[in-house]
Amino acid sequence: MAFDDATRGRLQRFVTDARAVLTKEFAKQFQQDYGLDPESGSVAALESLELDDQRLETARILREILGHYLASSIGQGAEAKKAVLDRMVREQAFTTLNRLAALRMMEARGLVMECVAKGYQSKAFQLYQRVTGSALGETGDAYRVFLLSLCGLYSDDLPALFDRHYPNGRLFPREPALLPLLDLINAADIEPLWGEDETIGWVYQYFNSKDERRAMRDASQAPRNSRELAVRNQFFTPRYVVEFLVDNTLGRLWFNWTGGLTGLRDRCQYLLVKPDENPEPARRLRDPRTIKLLDPACGSMHFGLYAFDLFLEIYREAWAWEQQHGPGVLDVSTQTQAGFKPLCHTYANEDAFLRDVPRLIIEHNIHGVDIDPRAAQIASLALWLRVQRAWHEAGVRADDRPLVGRGHVVAAVAPPAEPDLRRSFMQELDPLDAELFEKALFMLKGLPELGILLQVEKELPRLTEHVYGKVFDLLRERGRRKSWAQIETDLREALGGFARAARATYQGRLFSIDALQGLRLIDLTQARFDVVVMNPPFGALAADTKDELSKVYPKSKNDLLAIFVERGLGLLRGNGRLGAITSRTCFFLSSFQKWREHVVLGMARPETMADLGLGVMDDALVEAAAYVLEKHS
């Protein structure tokens with residue numbers, strides 16, 4: 001189905017109406033049930049609330065979430081509390097909407113029995129009620145428990161979305177709000193859209209309205225905080241642009257490595273090759289498990305979804321090449337470095353291999369980062385749904401499908417800032433590990449605004465050497481140097497233990513979750529990628545990050561898009577490819593001259609460009625260009 005203006009308009013109305021219902025509902029719950037007022041920032045004493053034990057526990061947890069967020073904010077007064085409470089209401093709203101949309105899309109793909117499509121009359125809920133009877137109370141209460149139980153089934157694969165213990169999904173709409181919400185999501189005019197892969201991306205796009213973006217721009221030329229940076233630059237990339245950029249980055253690399261002997265020549269409609277072009281093939285073909293693609297501002301992972309399709313073909317062809325030419329046809333050096341054996345030594349037969357390919361793509365190939373926590377939910381969900389569709393199309397039964405795992409979508413959230421919890425955790429560590437952990441947290445302080453632009457991979461070795469100092473020299477002499485990988489493993493284990501030990505303190509669990517998220521970002525920045533594709537933020541730098549970004553990226557400091565291109569090239573291997581859609585002005589304005597000379601031509605060479613003009617990215621008033629750069633070897 002084509003997402004034309006009329007189709008998008010219907011979906012936009014649904015998302016706008018659903019957000020209004022949910023925001024009003026959760027603001028009411030905060031005020032009336034839990035003594036938290038987003039309008040004034042007031043917080044009632046827990047002892048003053050007359051609640052049953054279950055809701056009293058929820059009230060306590062909401063206060064711990066508030067404390068956790070406040071620890072990372074500027075100021076602790078009423079204005080700071082208003083901002084954080086508003087954020088908490090918004091998080092509850094978008095998580096609930098995303099959960100219901102996810103279940104609706106899973107229904108359309110036959111992954112779950114009908115559970116949302118007919119609300120209380122859905123087949124799965126009717127069966128559930130026959131088993132539980134009246135034990136769960138009124139119908140609305142039983143339906144809440146039913147849906148949350150369903151979410152629990154998928155929380156291991158998609159914890160940021162479905163884990164009901166995460167801070168962004170603690171509440172559920174009461175029946176007066178739930179029933180109109182179910183009517184909205186089950187409206188006949190959007191019913192066909194739940195079977196389309198693009199739908200969840202448009203749900204993400206429309207949660208923040210055009211009016212909200214316009215108001216932010218009117219109030220300030222540059223984004224004033226991480227949320228404004230995310231909202232102001234949230235523009236959906238059209239499918240043809242996605243295909244153009246992925247075809248000429250990932251598709252072109254595979255075309256070159258195979259000497260043009262690939263089905264991608266015909267499959268990739270935007271791949272720019274001459275009819276008789278047959279480049280010199282690589283002496284040994286890259287093992288597909290070692291090919292890494294990154295979207296550094298991933299949003300709903302539109303680039304990754306299309307790249308998934310190409311990776312399916314790449315894996316099939318790699319197996320065929322290995323069968324035809326023997327295990328040595330795939331590059332042994334990259335296999336050994338990554339700890340892989342040849343494909344034919346890993347899988348008993350082609351069927352077993354192909355059944356595992358969708359999981360391999362998520363585990364090894366597709367990576368994404370975003371400063372918007374909603375993006376982590378949506379991008380992970382989009383990829384998970386694509387994996388399930390691949391297995392469905394291949395006829396793989398649900399019981400025979402491998403566990404997908406969490407993948408490599410990282411939300412660049414603020415590191416935990418509670419000093420008491422930090423000290424408590426550090427007491428359980430080796431003193432040097434504790435010092436490095438503390439310094440790493442301070443290093444990650446700018447994550448919500450900077451995201452992938454924070455060059456932690458350059459700072460981390462200096463920190464590690466500074467903390468361990470002469471101890472490293474002694475360990476080297478004894479042949480026992482402790483690497484960052486070993487330190488990180490110890491930290492992950494310690495954080496997991498801390499979260500379990502601090503279960504009575506919900507804030508302690510949040511501390512561990514955010515610290516682990518920081519470690520994931522560190523891991524990602526230390527990798528080197530073959531492909532970087534993106535629709536990056538553009539425009540003026542935010543006031544609170546301008547000085548730091550200008551210092552780190554002096555040749556690209558006049559615009560965020562230029563900084564993202566420089567950072568993307570820095571994360572590539574030699575001869576890797578970067579594809580981006582940005583404003584076209586960076587290629588002729590004099591203010592970008594240093595960037596063109598030292599980044600576009602100094603670090604890479606332009607390979608392909610399409611001058612697209614106005615009206616490409618929804619309501620973005622920018623003349624766009626899509627282009628591909630190949631990094632110098």
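Me: How much space lies in the second largest pocket?
Reply: The model is a predicted one. In it, the space in the second largest pocket comes to about 750 Å³.

Me: Which residues are closest to the centre of the second largest pocket?
Reply: The second largest pocket is lined by 25 residues. Those closest to its centre are Tyr34, Gln54, Arg55, Arg144 and Phe172.

Me: Which helix gives the largest share of the lining of the second largest pocket?
Reply: At least two lining residues come from each of α1 (5-33), α2 (53-71), α5 and α7 (175-185). The largest share is five residues, and the helix that supplies them is α5.

Me: How many residues apart in sequence are the parts that the pair of Phe125 and Phe146 ties together?
Reply: The structure holds 24 aromatic pairs. One of them joins Phe125 and Phe146, a tilted pair with 5.4 Å centre to centre and 50 degrees between the planes. Phe125 belongs to helix α4 (residues 123-132) and Phe146 to helix α5 (residues 139-153), so the parts tied together are 21 residues apart in sequence.

Me: Are Phe125 and Phe146 buried or exposed?
Reply: The cut-off for buried is under 20% relative accessible area. Phe125 has 0% relative accessibility, and Phe146 has 6%. Phe125 therefore counts as buried, and Phe146 likewise counts as buried.

Me: What kind of aromatic pair do Phe425 and Phe437 form?
Reply: Phe425 lies in helix α18 (residues 419-426) and Phe437 in helix α19 (residues 431-443), so the pair ties together parts twelve residues apart in sequence. Their ring centres are 4.9 Å apart. An angle over 60 degrees between planes counts as edge-to-face. The planes here are at 65 degrees, so the pair is edge-to-face.

Me: Which ring does the charged end of Arg87 sit over?
Reply: A charge sits over a ring only if it is within 6 Å of the ring centre and within 35 degrees of the ring normal. The charged end of Arg87 is 3.6 Å from the centre of the ring it covers, which belongs to Tyr69.

Me: Where is the kink in α11 centred?
Reply: Helix α11 (residues 239-257) has 19 residues and spans 26 Å from first C-alpha to last, close to the 27 Å expected. Of its 19 residues, 17 are buried. The helix has a kink of about 35 degrees, centred on Asp247.

Me: How far apart in space are Val387 and Arg401, C-alpha to C-alpha?
Reply: Val387 lies in helix α17 (residues 373-393) and is buried, at 0% relative accessible area. In sequence, Val387 and Arg401 are 14 residues apart. In space, C-alpha to C-alpha, they are apart by 9.8 Å.

Me: What is the phi of Met301?
Reply: Most residues other than glycine have a negative phi. Met301 is found in the loop between β1 (293-295) and α13 (302-325), and it counts as buried at 0% relative accessibility. Although Met301 is not a glycine, its phi is positive, at about 65 degrees.

Me: Is Asn575 buried, partly exposed or exposed?
Reply: Asn575 is in strand β5 (residues 572-583), and its phi is positive, near 70 degrees. Buried means under 20% relative accessible area and exposed means over 50%. Asn575 has 34%, so it is partly exposed.

Definitions and conventions:
Residues numbered from 1 in each chain as written. Predicted model: local features only at pLDDT ≥ 70, side-chain atom pairs only at ≥ 80, totals over all residues. Heavy atoms only, no water. Phe/Tyr/Trp six-rings, centres within 6.5 Å; stacked < 30°, edge-to-face > 60°. Helix = DSSP H or I, 4+ residues; strand = E, 2+ residues; numbered from the N terminus. Buried < 20%, exposed > 50% of the residue type's maximum accessible area, 1.4 Å probe, protein only. Expected span 1.5 Å × (residues − 1). Bend = angle between axes of the 7 residues up to and from the residue. 1 Å grid on protein atoms, 1.4 Å probe; cavity = no way out; pocket = protein on both sides within 12 Å on 5 of 7 lines; lining within 4 Å. Points joined across faces, edges and corners; volume = space filled by probe spheres on them.
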